[in-house]
Amino acid sequence: MLSLTVLEPQHQLRQLARFRWGVIGFIALAMLAAWLLHYPVSSWPLLGLLLVLFAASNVLLPLLPNASQYSMRLYALYALADIVLLCCMLVLTGGVSNGLVALLLLPVAMASVLLPGRLCYLVALIAVLAYSLLMQLGDISALPIAGGWLELQPEHAAGAAHAHHGAGHGSFDQHLLQMWWAFALSAALISWFISAQARQIRKQARVLNQLQQQQLRQEQMLALATFAANAAHDLATPIQTMALIADELETDTAQTEQWQDLKQQLQRCQHLVQQLRRDAGSLRQPQQAEPVLKLTEQTVQRWLASRPDIEAECQFDSKATDFLLAEPQSLAAALLNILDNAADASLARQQPKLSISCQLSEQGCSIRIRDYGEGFSEQRLQELGHLPQLSSQGLGIGQFLANASIERLGGKVVRSNLADGALTCIELPRNSA
């Protein structure tokens, strides 16, 4: 049953139905054995009807529409329904004197696995109250019900009278009280122990899921880094060849201005490839810790020098002492990616400007980059930065790498839409040092 804690809601419902089928099958076998052994039962037709209701509720369980959306309420409802059905069956088969009264602990165990702590304790309390009710009712022959299905067989009536006569003795009352305490203690221990184990399993499953996602991201980053290195290596020769051809064709005076623009773009491509090689080479060397505020300011100034087509309003505010970052290259690379994407978004709306602010506080460093683009759709906000995606605007892979780098430093990236553009916020706590 503890395996149910790490399954998806739809799989939990399927496993719950299988578990309840097992309970129904066991009850059916017990009824068959009682029939063959002539066990005294108050009403076989009513007992059969209760079993049919039990089975019908289980048939209905997988057929409920959108059951996974309200699974917790459904689990609690079924646990209570099981207690009621089992209690009614026990009333017809001898009450607390029936050895199968321990079946009332099964809904408690089920609730402890599937429900949070308070709800499973509530189910356990209801099970104890049901057991108490069975003790108060005693045998069904003592109830003032005349005739019909509930009329006892003669031999059952004699046995019930003998049990009722024995109940007057103090030793039998003490035995019943001890049974009640044993049941209540069992219900409490099951609720506490199983719910604690289920909670621990859920916690470990969440941690394992996070580790698996981190490993997947690391593998994706390694693959992207390999592709980037191969692309830089493959682009170096064609760019150099195009630069030589541009130099040879520069003598054509009719196209001098166009070829000057082409040469500038080729030089920029050469600069980017060389910068990529330098950054890759620097990652092989041990990195020296750098102050976050100083590193951010230098990275922004370096980026502005490479993007003369963008006007940026920069604000650097220090309300606390600076702190060192152990891997400055990761922050710089992530910041450059985010700035490039923000600039492209602003240029798409013919607004070549950005607002950049960096605030240093006692909690850490907060870097805010506001663009004046069209913003993001809700689906885009949920997916951007979490999975590598390709798009015509150049978004996706760079944002994924930026998110992974910042999270690796212990920080986080939060994106939101504004009335005119979008805001990207990088939060770096001081413990990331």
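Reader: How many bridges join strand 4 to strand 5, and what makes the two strands a pair?

Author: In this predicted model, 6 bridges join strand 4 (residues 353-360) to strand 5 (residues 364-371), and the two run antiparallel. Pairing requires at least two bridges, so strands 4 and 5 pair. Within this pairing, serine 357 stands opposite arginine 368 of strand 5.

Reader: What is the order of the strands in the open sheet?

Author: The open sheet has 5 strands in the order 2-4-5-7-6, with mixed pairing. From one strand to the next, the twist averages 15 degrees.

Reader: Why are strand 2 and strand 6 called edge strands?

Author: Strand 2 (311-318) and strand 6 (412-418) each pair on one side only. Pairing needs at least two bridges, and each of these strands pairs in that sense on one side only; they are therefore the edge strands.

Reader: Which helices lie across the strands?

Author: Helix 9 (residues 292-306) lies across strands 2, 4, 5 and 7, at about 170 degrees to strand 2. Helix 10 (residues 328-348) lies across strands 4, 5, 6 and 7, at about 20 degrees to strand 5.

Reader: What makes isoleucine 27 a member of the largest nonpolar core?

Author: Membership requires a buried residue of a listed nonpolar type, joined to others through side-chain atoms within 4.5 Å. Ile27 belongs to this core of 55 residues and is one of the four that touch the most other members, with Phe54, Leu104 and Leu134. The largest share of the core, 13 residues, comes from helix 3. Isoleucine 27 touches Leu51, Phe54, Leu86, Met89 and Leu103, not counting residues up to four places away in sequence.

Notes
Residues numbered from 1 in each chain as written. Predicted model: local features only at pLDDT ≥ 70, side-chain atom pairs only at ≥ 80, totals over all residues. Heavy atoms only, no water. Helix = DSSP H or I, 4+ residues; strand = E, 2+ residues; numbered from the N terminus. Axes fitted to C-alpha atoms, helices over the stretch in contact; angles between N-to-C directions. Contact = heavy atoms within 4.5 Å. Buried < 20%, exposed > 50% of the residue type's maximum accessible area, 1.4 Å probe, protein only.
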